[in-house]
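Here is a short report for a first look at a structure. Please keep the model in view while reading.

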Amino acid sequence: MTMTEGLPSRLTMVTLGVTDIARSTAFYEKLGWKKSSASNESVSFFHMAGTKLGLFGRTDLAEDAHVANTETGFSGVALAINFDSEREVDAAFDHAVSVGATPAKRPEKVFWGGYSGYFADPDGHLWELAHNPMAPLDDNGNMRLPE
């Protein structure tokens, strides 16, 4: 790839800066997510469909990116998992809360025609659980959007 081609439109990994790697790792394992054997006490990796999730110390992540490690409240980012039905959203939300997630918004019908709710992980990272009837999932669980 040359720079004139631009960046590839893909997401290979999401890294969350966390205050306690062991606590956050335990939370995501309780969700039922599989931790990679590449994980160690400084970083945890989780296998996800089509991408990976990394948990890295918040201070170390800020230092690596050369940015200030400041608490700003809402970061302007929410990660999302889409489901085939409202019932699946409700079940996933209830499971997340049962293993320690903080409910931010119980699932409900939303203005854009779908159904969604939000929970926060132990560090306040928001996860949206949604059913979007306008963007069904393919056989691999990926959203289908019109070209």
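## Two hairpins around strand 6

Strand 6 and strand 7 form a hairpin with 5 residues between the strands. There, Gly 124 takes a positive phi near 85 degrees. The model is predicted: local features need pLDDT of at least 70, side-chain atom pairs count only at pLDDT 80 or more, and totals for chains, interfaces and linings use all residues. Residues are numbered from 1 along each chain as its sequence is written, and side-chain values use heavy atoms, leaving out hydrogens and water. Strands (E, at least two residues) and helices (H or I, at least four) are DSSP runs, numbered from the N terminus.

Strand 7 covers residues 126-131 and pairs with strand 6 in the antiparallel sense over 6 bridges. Two strands pair if DSSP finds at least two bridges between them. Ser 116 has Ala 130 in strand 7 as its bridge partner.

Strand 6 also pairs with strand 5 (residues 102-109), in the antiparallel sense over 5 bridges. Here Thr 102 stands opposite Ala 120. This hairpin has 5 residues between its strands, and Gly 113 in the turn has a positive phi of about 100 degrees.

How enclosed is strand 6? Of its 6 residues (115-120), 5 are buried, so the rest of the structure largely encloses strand 6. Buried means under 20% relative accessible area, exposed over 50%, and partly exposed in between (1.4 Å probe, protein chains only).

An open sheet holds 3 strands in the order 1-3-2, with mixed pairing. Strand 1 (13-18) and strand 2 (43-48) stand at the edges; each has a single partner strand, so one side of each lacks a neighbour in the sheet. Neighbouring strands are turned by 20 degrees against each other on average, direction ignored.

Strand 2 pairs with strand 3 (residues 51-57) in the antiparallel sense over 6 bridges. Phe 46 stands opposite Leu 53 in strand 3.

## Helices across the sheet

Helix 1 (residues 21-30) lies across strands 1, 2 and 3, running at about 150 degrees to strand 3. Angles run from 0 to 180 degrees between N-to-C directions, with axes fitted to C-alpha atoms, for helices over the stretch in contact. Contact means heavy atoms within 4.5 Å.

Helix 2 (residues 58-65) lies across strand 1 and strand 3, at about 105 degrees to strand 3.

Most residues other than glycine have a negative phi. His 66 is not a glycine, yet has a positive phi of about 60 degrees. His 66 sits in the loop between helix 2 and strand 4 (78-83). His 66 is exposed, with a relative accessible area of 73%.
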